[in-house]
Amino acid sequence: MTLTLLALIPLGGAALVWVTGRFRPATVRVAALVVALIQLAFTCVLAVTVATHTPATMTGGLTSAASTSFWLLRVDGLALPLIVLTSLLGVIAVLASWRVELRPGAHFALLLGLQAAVTLVFLADHLVLFYAAWEAVLIPMFFLIGGWGHEGRRHAAMKFFIYTFAGSALMLIGLLLVGFTTGELRISALSSGILDPTLRTLVFWLLVAGFAVKVPIVPFHTWLPEAHVEAPTAGSIMLAGVLLKMGGYGLLRFALPLAPEAAHAAAPVFATLGIIGIVYGAVVALAQTDLKRLVAYSSIAHMGFVVLAIATGSPLALAAAMLVMVAHGLTSALLFLLVGQLYERTHTRSLARLGGLLATLPVWATIFVFASLASLGLPGLAGFPGELVTFLEGFASWGWWMVAVALGVVLAGAYSLRAIREVAQGPEKPEWAGLRDLDLIELAAAVPLALLIVVMGVWPSVVSGVMDPVARALSALVGRG
Amino acid sequence: MEQFLPFAPAMFGVAGAVLAMAFDAWESRLSALVAAVTLLTLGALAAGWTAMATGLAGQVLRSGGTFSIAPAVCLLLGAVALLGCSGSLVSDRTGSRIVALGALTASASALVAASADVGMLFLSVEMLALCGYGLVALGGTDRAREAAMKWFVQGSVATVVFVIGTAVLLGRTGGSMRYDAIAKLAATGLDGPMAVGFVLVLSALAFKLGAFPLHSWMPDAYETAPPAAAAIMASAGKVGPIAATVWLSLAVTAAAGERLIRVVAILAICSIVFGNLAALRQNSLARMLAYSGIAQVGYALVGVPMGVRSASVLVFAVLYGLTAAASFILVEAIRRFDPSWDGTIRGLAGLSRRSPALAASLAAIMFSLTGIPLTAGFWGKFLIFAGASVGGYLWLAIAGVLGSVVSFGYYGAAIRSAYIDEPQEPEIVGSVAEEVGPRARVAVATVSVLAVLIVILGTAPMVSGLAPVLNALLK
């Protein structure tokens, strides 16, 4: 019941907000914020419960009662960090769209509906429910990009939907093969030996098709820059913050345990693609002239670390994959939030036109510098522990190929510092004189993220500790424990 | 007396048609509609009741078994389609004639679905086809009459093919045309004449379904026919032939094995590929729906090779029939709501602001046709692709899901137009909104009810659990 509430609070909230929007548009945002805060509080209570439950294995954790319906839910160490991240970014996304004036009722309802669907993806303990939630995520996101996005939204919404639908349609075939050849539709009951060995490689690649598009693994990333750039700020926050994590979650939840041999065999391919992603994302980010595009491409680089960590497969590396996912969730959300706040003021994202904002918008620019430093992986901030462990563990498995990753890290420093130089530093531009700095609501969105980035930087085991038992179990399966 | 029992459901529908024609003479279109809808519903109830009776041997119609609910579905969808377009059926001069032919179409389709004999199948398919020609011609325009004529000429060829096929089968079985007699003979080994006869009969059915490459009548017919007629033809008129195709294939191929199955599988793939690619290029909403209907028939045929699991095709056909009827009722509602609409997908721009209910219904219907979860259409495709992928037809399932992905290119384009695109002449918006009459409101309300039904059918199984259904179909 408690788990059901986790999905129903945002869903019921979406309905409530939509109805409110019909009658009292001015109060919609407050209603949405209250719903998101209740959800966050509830998630925190649940997190403490589960963490003290010690979710020992993949099959452990908090589970709903068995029944014949599809509505089976479960939380374990793999899902918990991502659920907390989703609830947190749900609040941030509401705050980020505080000033939306175009059909606010629909906007906030879609945002909460999106949150419900994503939460359900991480909660689902039934293959059919999982797939339904996975696809349901596309519907609100399609309307958010299309209805509230920027100039290219018309094309970006369709491209986003069709690309990710193409991946997940193949994933559906994989899940169907799993479910109906084993006769087991309950996810927590899918152990490693359950699938017919002759089917495993096929199922693995079908599943990976869905997850690879979502992560995204290069070369299946082409939908990402467009969707991230054209989406409204709240949409970008959810997209980069949690939607990409669905791919990593899927790899860890399904692809690895169901077909460990195939995952082992495919590890070099994934490591290569991960490294390519790290370098490619950074190189392309370096070449951008649009600040939001730069952040979007940096996402590809960061998610490359997740792919590399999963390919490496040692317990530490898998825990690092989760660390990078959560850290990227926080950092990219903060960056997209800041870019959105800047765009509201300047109506441009062009690096060439910006500059000198440390003088004009001191508070905004300070947080922006902080977020950029977090993005480049400064020690003491969230990005550092996960990427360092990935690098070290990767070195043990893949040896000198890690030099390429080091190059990617250097490039990450280059594009982050370039963004700082072009946007924050430099002479004050008269064009931007007189812009007002962040107000209380905007600070309320940005500061918690910044604080959590510091917390994760100095105390990473708050995340990796929860993930650790799952990481060990998975790692043993793929033969790298 | 018992021998006539299986005919009773269809006879209700025929009686409805007769009453509608009688009322037409009195120019009482509302009475015609009420009579037809009532009798079709009664017929559906009767069909549901006879479905529970066990199979009656030695009959040309069959009852009992999973497929025996198909006639009830045909009649019910006919009633839904007529009710959904009640606005135009009551107000237009030709309304009662559409009602009469529509009721006949549903009845004929019910007979097609219930046939257990190739001779009976032939008669009912011809009845279905004749109603279709008439329905399209009732569109009244030159294009409609041309489309009806084109369909009639092509349909005549299909009829001849059917006759030859039946004759060949008849010659081989030595008198009986019942499916079980054919199956018994096929079990002893499939020889050349048998295969030829079967393929000919199957081709005639494929023509009726509009499967590629026998589809060319469909886009013109659906686009030019009155929306009410298209709604009936695309829903009630399709479920019967789909059920018959599956049942006939099952009867014969259970014995004859893989080779004939391949024919159906290839038809399925070709329909999916062609229907999707052609639908992508359409500007007119009705024409897009017609081309996408070719692809949908392809998905249904994917279910044929699944053997005993083929019952899931029926689930697909029912849910698709409902959504297809809703889609043409939607076309009708948009026309009522905005008489200046040019029928194009682009012309839907700004619909979400003019009528949120219509736009939301459009979104639900298009998502359902794509097969996105939370809508009815998902479960149909889910069962079909699940059956195909575990039944050894993985490549068919993959072709099917990829086709569904492509289909969002045009179904999604309609949603995008309604929600995202800006109307080209915003000043007209206000004046149109003021002119919304009571009939338009009824049309919008009807399509909204159907859209809600589609969403309920899509979400309810999530909570209630389909486990018994899944087990029955897939194990």
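Begin by selecting helix α1 (residues 2–23) and helix α2 (residues 28–52) of chain A, whose axes, as lines fitted to C-alpha atoms over the stretch in contact, come within 9 Å and cross at roughly 175 degrees. Angles run from 0 to 180 degrees between N-to-C directions, and those over 145 count as roughly antiparallel, so α1(A) and α2(A) are roughly antiparallel to each other. This is a predicted model, in which local features need pLDDT of at least 70 and side-chain atom pairs count only at pLDDT 80 or more, while totals for chains, interfaces and linings use all residues. Residues are numbered from 1 along each chain as its sequence is written, and chains are lettered from A in the order in which they are written.

Next, show the residues that join the two helices, among them A:L5, A:I9 and A:L16 of α1(A) and A:V35, A:F42 and A:L46 of α2(A); two residues are in contact if their C-beta atoms, placed from the backbone, lie within 7 Å.

Now select the whole of chain A, which has 19 helices and 2 strands, where helices (H or I, at least four residues) and strands (E, at least two) are DSSP runs numbered from the N terminus. The C-alpha trace of chain A spans about 70 × 60 × 40 Å along its principal axes.

Definitions and conventions:
Angles under 35 degrees count as roughly parallel, over 145 as roughly antiparallel, 65 to 115 as roughly perpendicular and the rest as oblique.
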